[in-house]
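Thanks for coming. I will go through one model, starting with a helix pair and ending with a few backbone details.

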Amino acid sequence: MITQKIVDPDYLFFQSERSKMFITGSEAVSEAIKRANVDMAIAYPITPQSESMHLVGDLYAEGYLKDYFRGENEFSVMSAVAGAAMGGVRVFTATGGPGTMRAFEMFPTWAGARLPVVCAFFTRGVNSPLTIQPDTIEMAYMLDTGIMIFHAENAQDLYDMLLKAFVIAEQPEVHIPVGVFADGFFVTHTRDEVSTAPADLKLPAYDPYSSPVPVMDMNNVPLRQMRDPFVMKSNFISYAAHASWQQEVAAAAQRARRYIDHYLGGLVESENPGADIMIVASGTAVSQGRAAIIAAAGEGIDVGLLKIKCLRPFPTEEIKALTRHCKAIIVPEFNRIGWLAREIKAVVEDNSKVVDGPRVFGGMTMPTEMILESIRRCSA
Amino acid sequence: MAIPQYRVLPGPEGYLPPAAAGMGVILPRKKDEALVEGAIVTREEAMEKAAEKLLSAKKPYIFPGPLVLWNWKEGVAEKAQAIIALAKAANAGIIPMPDYRPKYPMINPAVEINPNHPNLTIWHNKIDVCVFVGVHCHYANVALKIIRGGTDCYTIAFCAEMGHEDAMISFREMGLAEIKQLTDLITRKKGESR
């Protein structure tokens, strides 16, 4: 194994010397995992994720991970990841698009079993006709699986969010999975400047004995099969136990808010928050929105930006507060259904001011002009 | 419309009580803080309240879980002894939660409690104040909500980690010294009331 110095997470994230690397999003994944003190990673290839787990495999070969293998398919990988987490190790995997769909049963299982798995999702189209191209539609399906959801705008976000996700997920009172999402190709396959901590530092090891559920090893009480099949009988006692269990998983996500605030600097970021027109977006749509705001300023139109970094737990109060004053909320998205616009309409006080779109999908890029056109219509 | 702050009070709260964390109850950030009925107070205030509740109860019980029932790591045996001393001081009974396997309808509620149907043990023994200790956090929270939903039992949680919003009194990072501190307080209060 490679020798690295274990440091406090706050030191690694905020105080250590940083150096700039010009790398792809996939390489940013590798740089994050290199510093994350991950015990084990399990992989199955799918575009646009394949390169990231390939590079994590290289880390195993170099001695950064204790174990690494390829599963039979995505469902198998996510099941094996669950087993690893139940056994008390820090585990990482990644998938995307149809891989997410194929493994879907395991995501609520991870959350329900209180497993602090960190998984990167590199989004792509899933709907017929099949495409490998960028599309965030799978995020709509993932929103209510019980896992926390971070959405990276760029490779820097991806690096930071992945590293910090382990620390947030493993807090004893949180202890649910984190999905770190990034838009496939736009982030994974493009180079960007990423500020990284020294590679000879790493996070402290995961302590499974502070888990809210018993880790499955034979040194731990109650010293036998501990994740027994749940109460599944047809009576009120069974229903009440199941209901309380589900509530507790949701409560765990609420408890994560203070750690997201601390490590990610909040669930949202805002720029020019007093503007009459606000663009509210997540992922690479934020970058497109930012470019449109600059273009709009050139035409004398004042527009603000609200970047959503965390979708679960959802920043309800933050969005309410930061959009209360504005006259129009533009929600650009890289999917057909507009799941983010739906989420925002559900929480703002006056949802008639939410502009549905613009949206592109099926692999299309979003020209800045599309957002600018929405801005012009709102300012008219 | 302003919604009043949710309070974590004895039930029966009804068919499906909410998770207190979902109602805005937040765990204390500092080690010397605790929760009383959903509000953050000092640990000393919470100890006073816990002592009062235990001493005024008709049938107080302690529910020790696996983390203090088995001598699985250093310090556990001492903690278990301290819990027995606390039970004696508070004149409280002890009913263990040895594991988390659902046991309905086979459970013997006179001798055991289970997180999936803790109300059965509380109803059977007419327990009006209880203390959770050594129960893994997830199972404690599952049980505490069910208790609030279906019983009028006052719940107190000793947590070695960050605490439990769903208990009426919740202590975080409750170690050997803090358990002894509560025992001493109860002993002193009993002496004062004589």
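This is a predicted model: local features need pLDDT of at least 70, side-chain atom pairs count only at pLDDT 80 or more; totals for chains, interfaces and linings use all residues.

Residues are numbered from 1 along each chain as its sequence is written, while chains are lettered from A and ligands numbered from 1 in the order in which they are written.

Back to the pair. Helix α3 of chain B covers residues 76-90 and helix α6 of chain B residues 176-193; they pack at an angle of about 15°, with their axes 9 Å apart. Axes here are lines fitted to C-alpha atoms, for helices over the stretch in contact, and angles run from 0 to 180 degrees between N-to-C directions. Helices (H or I, at least four residues) and strands (E, at least two) are DSSP runs, numbered from the N terminus. α3(B) passes α6(B) in a left-handed crossing, meaning that the near helix is turned anticlockwise from the far one by less than a right angle; clockwise would be right-handed.

Which residues make the contact? On α3(B) they include B:Ala82, B:Ile83 and B:Leu86, and on α6(B) they include B:Ile179, B:Leu182 and B:Ile186. Contact means that the C-beta atoms of two residues, placed from the backbone, lie within 7 Å. By class, the residues of this contact are 10 nonpolar, two polar and three charged. The classes are: Ala, Val, Leu, Ile, Met, Phe, Trp, Tyr, Cys and Pro nonpolar, Asp, Glu, Lys and Arg charged, and the others, Gly among them, polar.

Next, the two chains together. The contact takes 27 residues from chain A and 28 residues from chain B. The chain A side that touches chain B has 16 nonpolar, six polar and five charged residues. The crossing of α9(A) over α5(B) is right-handed. Among the residues in contact are A:Ala241, A:Trp245 and A:Glu248 of α9(A), and B:Val142, B:Lys145 and B:Ile146 of α5(B). This contact divides into six nonpolar, five polar and two charged residues.

Now chain A alone. Its domain assignment gives domain 1 (5-209) and domain 2 (268-379), and such bounds come from an automatic or database domain assignment. The centres of the two domains of chain A, taken over C-alpha atoms, are separated by 27 Å. Their contact takes 22 residues from domain 1 of chain A and 21 residues from domain 2 of chain A. On the domain 1 side, the elements giving two or more residues are α7 (137-142), β7 (148-152) and β8 (178-183) of chain A. β7(A) gives the most to that side, with five residues.

β7(A) and β8(A) also belong to an open sheet of seven strands in chain A, with the order β4-β3-β5-β6-β8-β7-β14 and mixed pairing. β4 (67-70) and β14 (310-312) of chain A are at the edges with a single partner strand each, so one side of each has no neighbour in the sheet. The twist averages 20° from one strand to the next. β7(A) and β8(A) pair in the parallel sense over five bridges; pairing requires that DSSP finds at least two bridges between the strands. Helix α8 of chain A (residues 155-169) lies across β6 (118-123), β7 and β8 of chain A, running at about 170° to β8(A).

Last, the backbone details. Where are the cis peptide bonds? One runs from A:Arg312 to A:Pro313, with omega near 0°, and A:Pro313 lies in the loop between β14 and α12 (316-323) of chain A. Another joins A:Gly357 and A:Pro358, with omega about 10°; A:Pro358 is in strand β16 (residues 354-359) of chain A. A:Phe185 is not a glycine, yet has a positive phi of about 70°. In chain B, β1 and β2 form a hairpin with two residues between them, and B:Glu37 in the turn has a positive phi of about 55°.
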